[in-house]
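Could you walk me through this protein structure in plain words? I am new to reading models like this one and would like a guided tour.

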Amino acid sequence: MELKGKNVVIAITGSIAAYKIPLLVRLLKKEGADVQVVMTPVARDFVTPLTLSTLSGRPVISQPFDALTGQWSNHVELGRWAHLMLFAPLSAASMGKMANAIADNFLTTLYIAAKCPVYFAPAMDLDMYKHPANQKNIETLQSYGNTLIQPQEGELASGLCGAGRMEEPEVIFDILKETLKKKT
Ligand SMILES: Cc1cc2nc3c(=O)[nH]c(=O)nc-3n(C[C@H](O)[C@H](O)[C@H](O)COP(=O)(O)O)c2cc1C
């Protein structure tokens, strides 16, 4: 239970690599971390909120507010609660929004409310990953002090092979664990 007392936000966007995130949530919880999962509306088509809320023990947040009840989720409070935020898998679309402070959903709004170290693990097809717009956005996020978890080379969902595959959840877990252990 080396991560007891550590608050972690896992923010998921619409990429096929989202199916790997439940394992990461499980690993963090097993080590004692408190995990809040945030998803874009598109991400909910790739992995179910039910799986993630069950594993994390907290309701998943996707929308800034519930239109029926008027109940809203406080991104500023969550930004202050988190000791670390991970954006994984990070789609090209959300990365572009984050690089430009386009806060048009809960996930991107939370990003600009972060007060903690931010890690991001892009996932996309090799040609998307190579596109100058994405490379520029990666550099922009790094210039904000965010840490890139480099995508790996390998087989991609498109059937092509190359760089763009999200790092494996076990490796991401080790990176986050080391960072969280260093922070008091
Ligand atoms: C099957 C499928 C897989 C996708 N995988 C990726 C991906 O790995 N990376 C990416 O940037 N976009 C991917 N997309 C496109 C995104 O889902 C799309 O750009 C979406 O608008 C992203 O929204 P979000 O960032 O708000 O979640 C995929 C789309 C489909 C249909």
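**A walk through the model**

By class, the shell around the ligand holds 10 nonpolar residues, six polar ones and no charged ones. Keep in mind as we go that this is a predicted model. Of the 16 residues around the ligand, the ones that come nearest are Gly14, Ser15, Thr40, Ser91 and Ser94. Helix H4, residues 92-99, gives the largest share of this shell, with three residues.

Now let us turn to the sheet. Strands of a sheet pair through backbone hydrogen bonds, and they can do so in a parallel or an antiparallel way. Here, five strands form an open sheet in the order S2-S1-S3-S4-S5, and the pairing is parallel. Strand S2 (34-39) and strand S5 (147-148) stand at the edges with a single partner strand each, so one side of each has no neighbour in the sheet.

On one side, S3 pairs with strand S1 (residues 7-12) in the parallel sense over four bridges.

Is strand S3 mostly covered or mostly open? It is mostly covered, as seven of its seven residues are buried. Helix H8 (residues 169-182) lies across S1, S3 and S4, and runs at about 165° to S3.

S3 holds one more detail to look for. Most residues other than glycine have a negative phi, and most peptide bonds are trans. Between Ala88 and Pro89, however, there is a cis peptide bond, with omega at about -15°. Pro89 lies in strand S3.

Next come two helices that pack together. A pair of packed helices is described by the angle between their axes and the distance between those axes. For helix H1 (residues 21-30) and helix H2 (residues 49-56), the angle is about 10° and the axes are 9 Å apart. Angles under 35 degrees count as roughly parallel, and H1 and H2 are therefore roughly parallel to each other. Which residues of H1 meet which residues of H2? Pro22, Val25, Arg26 and Lys29 in H1 meet Thr51, Leu52, Leu55 and Ser56 in H2. The residues of this contact divide into four nonpolar, two polar and two charged.

Our last stop is the loop between H4 and helix H5 (106-111), where Asp104 lies. Ala101 has its place in the loop between H4 and H5 as well. Are these residues buried or exposed? Asp104 has 10 other C-beta atoms within 10 Å, so it is exposed. Ala101 has 11 C-beta neighbours inside 10 Å and therefore counts as exposed too. Ala101 also has a phi near 55°, which is a positive value in a residue other than glycine.

Notes: Residues are numbered from 1 along each chain as its sequence is written. This is a predicted model: local features need pLDDT of at least 70, side-chain atom pairs count only at pLDDT 80 or more; totals for chains, interfaces and linings use all residues. Axes are lines fitted to C-alpha atoms, for helices over the stretch in contact, and angles run from 0 to 180 degrees between N-to-C directions. Helices (H or I, at least four residues) and strands (E, at least two) are DSSP runs, numbered from the N terminus. Angles under 35 degrees count as roughly parallel, over 145 as roughly antiparallel, 65 to 115 as roughly perpendicular and the rest as oblique. Two residues are in contact if their C-beta atoms, placed from the backbone, lie within 7 Å. Ala, Val, Leu, Ile, Met, Phe, Trp, Tyr, Cys and Pro count as nonpolar, Asp, Glu, Lys and Arg as charged, and the others, Gly among them, as polar. A residue is buried if 20 or more other C-beta atoms lie within 10 Å of its own, exposed if 12 or fewer, and partly exposed in between; C-beta atoms are placed from the backbone. Two strands pair if DSSP finds at least two bridges between them. A residue is near a molecule or strand if its C-beta atom, placed from the backbone, lies within 6 Å of it.
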